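Please walk through the pockets of this structure, and then through one of its helices.

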Amino acid sequence: RQLKPAAENAAKKIGAKAEAVLAITALETGWGQHVIPTPDGSSSNNLFGVKADQNWNKDQVIATTLEFEDGIMHKRREPFRQYASAQDSMQDFADFLTQNPRYETALSEADNPQRFIEELHKAGYATDPDYSEKVLSVMDKVNLMTQDVAMVADK
């Protein structure tokens with residue numbers, strides 16, 4: 001609920017549904033319980049597991065990640081982007097997708113949440129072979145949660 005306004009803004013920028021954006025962040029952070037911490041224990045506010053590549057010239061944090069290669073899971077220490085706020089992470093997610101040509105097909109399918117998530121996965125957003133199914137399962141829960149909120153608000 002706290003992230004919904006920022007998710008709506010990010011989703012609008014990429015033409016997606018806010019529920020799809022929320023589902024990705026819910027999966028990536030374990031429903032907000034496992035946001036990558038900084039060395040001092042504060043939050044990195046990285047809600048999407050976006051890594052810090054050579055083009056990222058802002059704050060970053062090193063964290064352990066699980067990556068799949070040829071169907072085998074490997075544990076690695078990688079640099080991840082760090083943000084001042086959750087809203088900054090949401091905005092950067094939208095910017096990251098729109099500025100990266102490999103996500104063009106996903107963005108062209110953004111109005112269809114299932115296809116959007118599947119195309120993100122195909123483009124290499126995540127290496128987990130079950131990533132699409134996991135995000136879609138979480139999105140079903142997000143949809144139920146947002147419907148419950150809407151129904152209460154209507155009453």
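What volume does the largest pocket have? In this predicted model, the volume of the largest pocket is about 1,200 Å³. Its lining is made up of 41 residues, and those nearest the centre of the pocket are Glu28, Phe48, Gly49, Val50 and Phe80. Two or more lining residues come from each of α2 (18-29), β1 (60-69), β2 (72-81), α3 (86-99) and α6 (131-154). The biggest share belongs to β1, which gives six residues. By class, the lining of the largest pocket holds 17 nonpolar, twelve polar and twelve charged residues.

The second largest pocket has a volume of about 460 Å³. It is lined by 19 residues, with Arg1, Gln2, Leu3, Leu22 and Trp31 closest to its centre. Helices α2 and α6 each contribute at least two residues to this lining. Here the classes divide into ten nonpolar, seven polar and two charged residues.

The helix to look at next is α1, which spans residues 4-14. Ala6, Ala7, Ala10, Ala11 and Ile14 of α1 are buried. Why do the buried residues of α1 line one face of the helix? Viewed down the helix axis, they fall within an arc of 135°, so they share one face of α1. The buried residues of α1 pack against α2, α3, α4 (104-108) and α5 (113-122). Asn9 and Lys12, on the other side of α1, are exposed. Just after this helix comes Gly15, with a positive phi of about 80°.

Note on methods: Residues numbered from 1 in each chain as written. Predicted model: local features only at pLDDT ≥ 70, side-chain atom pairs only at ≥ 80, totals over all residues. Heavy atoms only, no water. 1 Å grid on protein atoms, 1.4 Å probe; cavity = no way out; pocket = protein on both sides within 12 Å on 5 of 7 lines; lining within 4 Å. Points joined across faces, edges and corners; volume = space filled by probe spheres on them. Helix = DSSP H or I, 4+ residues; strand = E, 2+ residues; numbered from the N terminus. Nonpolar A, V, L, I, M, F, W, Y, C, P; charged D, E, K, R; others polar. Buried < 20%, exposed > 50% of the residue type's maximum accessible area, 1.4 Å probe, protein only. Arc of directions from axis to C-beta. Contact = heavy atoms within 4.5 Å.
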